[in-house]
Amino acid sequence: MLIGEVARRSGVSARMLRHYESLGLVRPSGRTGSGYREYSGEDIRRIFHIESLRSLGLSLREIGRALDDPGFTPSALVDDLIRQTRERIAAETELLTRLRRIDAADPTGWADVLQVVTLLQALGSNSAGARQRAALSSVDEVPVPVEALVEAALSETEPNVAGALRWALARSGDGALALLAEGLGSPVAAVRERAVQALAEMPGGEAAAKLRDALTNPDVVVRGYAALALGTRGVTDAVPILIDMIVEGRNDTDAADALSVLASDTVTADQIATELVDRLAHDTTKAPGRGRLTQALADIPGTTASSALAELSHDGDPAVALTAAYLLQLRDTR
């Protein structure tokens with residue numbers, strides 16, 4: 001079969017077939033009497049093998065080795081191709097993400113594009129100072145896309161940088177809320193904690209709604225941060241979690257402070273005092289927890305808390321009784 005017919009049947013141009021021949025990939029089995037290349041059935045099968053391997057991303061040099069090296073192992077080549085493909089996909093995905101974030105910044109000119117690129121690179125810097133400066137400058141200069149800020153905040157381990165990123169997110173609008181809420185479901189505990197800390201500093205009713213949802217999160221740390229944030233916002237839904245924190249000794253001082261903030265009116269103060277007393281009645285065998293609950297009553301105004309302290313001053317646990325008597329005395333002197 002002559003080269004023209006081979007090109008027509010294989011879909012490989014005559015020029016490419018000659019290139020294959022120059023590289024030694026294909027050697028026509030014979031020549032016609034006029035000197036034209038003549039390809040055998042075996043030659044054509046080899047051409048199809050070459051094209052098949054090219055479709056897998058192999059170079060022509062790799063194809064020659066695959067076809068001619070008796071010691072060649074296909075599994076090793078396939079594994080290498082998988083690795084190269086994954087690396088290429090990762091690089092392309094990273095580029096696509098960067099381009100989308102630049103587009104989200106809505107730059108008006110190349111100067112803006114370059115500034116966004118610089119800030120994005122700084123957020124990924126190994127230098128904590130560079131990351132912090134990028135976070136702080138993202139508010140006043142060309143805005144960094146909120147997706148990039150959230151990603152940086154959820155991965156940041158340096159406290160000062162993390163604080164700067166939360167500050168920037170709090171000024172970025174509501175676009176970060178859904179992304180941070182997704183972070184609450186991360187399989188990584190540290191990411192969940194960073195997500196709820198960032199949500200706690202986000203202003204507005206929608207952020208409060210996300211924090212309310214977080215009160216039922218399976219992660220006790222997430223529930224605690226959400227309750228503390230909601231307590232300072234006057235959301236009474238946080239009361240049961242705050243009392244749990246006091247009993248268990250997890251940020252119990254902050255939890256007691258949040259309860260005192262919530263107890264800003266007589267009705268709410270009496271409700272909180274009642275819940276504290278109810279928990280005291282049920283935790284009769286947990287002396288440290290009962291002591292912390294007693295101390296929490298100190299900053300709850302109203303007659304319900306005062307009556308509870310008076311009763312606790314005669315408690316069977318001497319530590320609780322002494323604490324209650326001391327706190328009651330302080331209340332009487334105010």
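This report describes selected helix contacts and residues of a predicted model.

## Helix α1 and its contact with α3

Helix α1 covers residues 3-10, and helix α3 covers residues 41-55. Their axes come within 11 Å of each other and cross at roughly 40°. The crossing of α1 past α3 is right-handed.

On the α1 side, the residues that meet α3 are Val 6, Arg 9 and Ser 10. Their counterparts in α3 are Ile 44, Ile 47 and Phe 48. Sorted by class, the contact of α1 with α3 holds four nonpolar residues, one polar residue and one charged residue.

## Ser 10

Ser 10 belongs to helix α1. Its relative accessible area is 17%, and since buried means under 20%, Ser 10 counts as buried. When residues up to four places away in sequence are not counted, Ser 10 touches Ile 47 and Phe 48. Both of these residues are also named in the α3 side of the contact with α1.

One of its polar atoms lies 2.7 Å from the backbone oxygen of Val 6. The side chain of Ser 10 also reaches the backbone nitrogen of Val 12, at 3.2 Å. Val 6 is itself among the α1 residues that meet α3.

## Glu 62 in helix α4

Glu 62 lies in helix α4, which spans residues 60-68. With a relative accessible area of 28%, Glu 62 is partly exposed. Its side chain reaches the backbone nitrogen of Ser 59 at 2.9 Å.

Glu 62 and Ile 272 are 210 residues apart along the chain, and their C-alpha atoms are separated by 75 Å. Ile 272 is one of the α16 residues in the contact with α14.

## Asp 80 in helix α5

Helix α5, residues 74-104, contains Asp 80. The relative accessibility of Asp 80 is 25%, which places it in the partly exposed class. Its side chain is joined to the side chain of Arg 83 by a polar contact of 2.5 Å. A polar contact with the side chain of Gln 84 is also present, at 2.7 Å.

The C-alpha atoms of Asp 80 and Arg 331 are separated by 75 Å. Along the chain, Asp 80 and Arg 331 are 251 residues apart.

## Helix α14 against α16

Helix α14 (residues 239-248) and helix α16 (residues 266-282) have axes that come within 11 Å and cross at roughly 40°. That makes α14 oblique to α16. The crossing in which α14 passes α16 is right-handed.

From α14, the contact is made by Val 239, Pro 240, Ile 243, Asp 244 and Val 247. From α16, Ile 272, Glu 275, Leu 276 and Arg 279 take part. The contact of α14 with α16 has six nonpolar residues, three charged residues and no polar ones.

Asn 251 is located in the loop between α14 and α15, the latter covering residues 252-262. Although Asn 251 is not a glycine, its phi is positive, at about 50°. The relative accessible area of Asn 251 is 42%, so this residue is partly exposed.

By class, the residues of the contact of α16 with α18 divide into six nonpolar, three polar and one charged.

Thr 268 is another residue of helix α16. At 11% relative accessibility, Thr 268 counts as buried. Apart from its neighbours within four places in sequence, Thr 268 is in contact with Thr 236, Leu 262 and Ala 263. Of these, Leu 262 falls within the residue range of α15.

Key
Residues numbered from 1 in each chain as written. Predicted model: local features only at pLDDT ≥ 70, side-chain atom pairs only at ≥ 80, totals over all residues. Heavy atoms only, no water. Helix = DSSP H or I, 4+ residues; strand = E, 2+ residues; numbered from the N terminus. Buried < 20%, exposed > 50% of the residue type's maximum accessible area, 1.4 Å probe, protein only. Polar contact = N/O pair within 3.5 Å; in protein donor to acceptor, adjacent residues only side chain to side chain. Axes fitted to C-alpha atoms, helices over the stretch in contact; angles between N-to-C directions. Parallel < 35°, antiparallel > 145°, perpendicular 65-115°, else oblique. Left-handed = near helix turned anticlockwise from the far one by under 90°. Contact = heavy atoms within 4.5 Å. Nonpolar A, V, L, I, M, F, W, Y, C, P; charged D, E, K, R; others polar.
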